[in-house]
Amino acid sequence: MPDRSALIDAFLERSDWANLPRKLVAGDASNRRYERLQRGPGDTAILMDAPPQKGEDVRPFVAITTYLRGAGLSAPQVFAQDEVNGFLLIEDLGDDLFARVMVENPALEEPLYQASVDVLVHLHRASAPDLPCYDANVMTERAALAYDWYQFGVAGDVDKAAKNQFATEFSAALSLLDAEPQVLIQRDYHAENLLWLPDRNGPARVGLLDYQDAMLGHPAYDLVSIAQDARRDVAAPIETMMIERYLAATDMDANSFTRAYALLGAQRNLRILGVFARLSLAYGKPHYVDLIPRVWDHIQTNLSHPALADIKPLIDADLPNPTPALLQKLKDQCATIPLP
């Protein structure tokens, strides 16, 4: 089997970007890698390397890109693709990630978050594509990763009876959302996946990345994703502003929306709690453990909503507070737990 380097060279030979130096831009929690190619000043493109043998598939990225660009949003143009070997050559939207811009220019924090809300308002007005639904059953299964990996990592075992009770109660609570309007949810909509493109207009000023896992779900989901960021603190007044801005631009009932927001916030952050524990325990990435306290705080905030009154006692009993000692225990087991 040809190595990846030879396959990349062959892919680029079929494009206008052959025999150019490449510089690593980023890797992420997946097996994808991104490299920048430069032909001259201001003339660059991004190579996405997504190995199929490691479970990656570029076809969803291409399909969602087509949809988002058709809706007038700034997803990167696809210049060339090799679906069999897992390569894409895409438009380079630059390096001005929201997270980076906010650090360099704190005065832009509120305008950037406002722009991120405006993207969602624009997107949710478009006709939804044909995608699988992120429904109560799927969401409950993903939230239960908190038991499979976080509880397992800190307690040494999974309390299956407790997990089953949680799944029953949580699925029932989430099921009410399945009957509400469904939109495309990007599912990783946060400040490290958004790029600031101030030379563009309207919602197109926000460059979009990492949306290949998009599904259909409740309109509150992506708002939770960015406002309850696992990687950076978002001040409570900013989060409130974002919710109010979204509601002011839509016809959604405020009480129903904030109820959904809390349910989806609990679901998303429980899933992330499990994923971050798994990334350390099974994949040897202990730096994700350092993000768990922020995720835990989001869980506690959401559990305070009356819609989660039956769920809160279960989480309180089943999942221990991530004390420094417990976090160190997760790190000490880094890369020692085989995937099931």
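Student: What makes helix α6 oblique to α10?

Tutor: The axes of α6 (residues 145-155) and α10 come within 7 Å and cross at roughly 50 degrees. Axes here are lines fitted to C-alpha atoms, for helices over the stretch in contact, with angles running from 0 to 180 degrees between N-to-C directions. Under 35 degrees counts as roughly parallel, over 145 as roughly antiparallel, 65 to 115 as roughly perpendicular, and the rest as oblique. Roughly 50 degrees belongs to that rest, so α6 is oblique to α10.

By the way, this is a predicted model: local features need pLDDT of at least 70, side-chain atom pairs count only at pLDDT 80 or more, and totals for chains, interfaces and linings use all residues. Residues are numbered from 1 along each chain as its sequence is written, and side-chain values use heavy atoms, leaving out hydrogens and water.

Student: Which residues of α6 and α10 meet?

Tutor: On the α6 side they include Trp149 and Tyr150, and on the α10 side Leu270 and Leu273 are among them. Contact means heavy atoms within 4.5 Å.

Student: How do you know whether arginine 187 is buried or exposed?

Tutor: Buried means under 20% relative accessible area, exposed over 50%, partly exposed in between (1.4 Å probe, protein chains only). Arginine 187 has 12%, so it counts as buried. You'll find arginine 187 in the loop between β6 (183-185) and β7 (194-196), with a positive phi of about 80 degrees although it is not a glycine.

Student: And what does asparagine 19 count as?

Tutor: Its relative accessibility is 71%, so asparagine 19 counts as exposed. Asparagine 19 is in the loop between α1 (4-13) and β1 (22-27), and its phi is positive too, near 60 degrees. Most residues other than glycine have a negative phi.

Student: How do you know that strands β2 and β3 pair?

Tutor: Pairing takes at least two DSSP bridges between strands. β2 (residues 33-40) and β3 (residues 43-49) have 7, in the antiparallel sense. Glutamate 35 stands opposite leucine 47 in β3.

Student: Which residues touch the most other members of the largest nonpolar core?

Tutor: Leu68 and Phe276, out of 104 residues. Helix α10 (residues 254-281) gives that core its largest share, 15 residues. A nonpolar core is a set of buried Ala, Val, Leu, Ile, Met, Phe, Trp, Tyr and Cys residues joined through side-chain atoms within 4.5 Å. Leaving aside neighbours within four places in sequence, leucine 68 is in contact with residues including Leu73, Leu123 and Tyr211.

Notes:
Helices (H or I, at least four residues) and strands (E, at least two) are DSSP runs, numbered from the N terminus.
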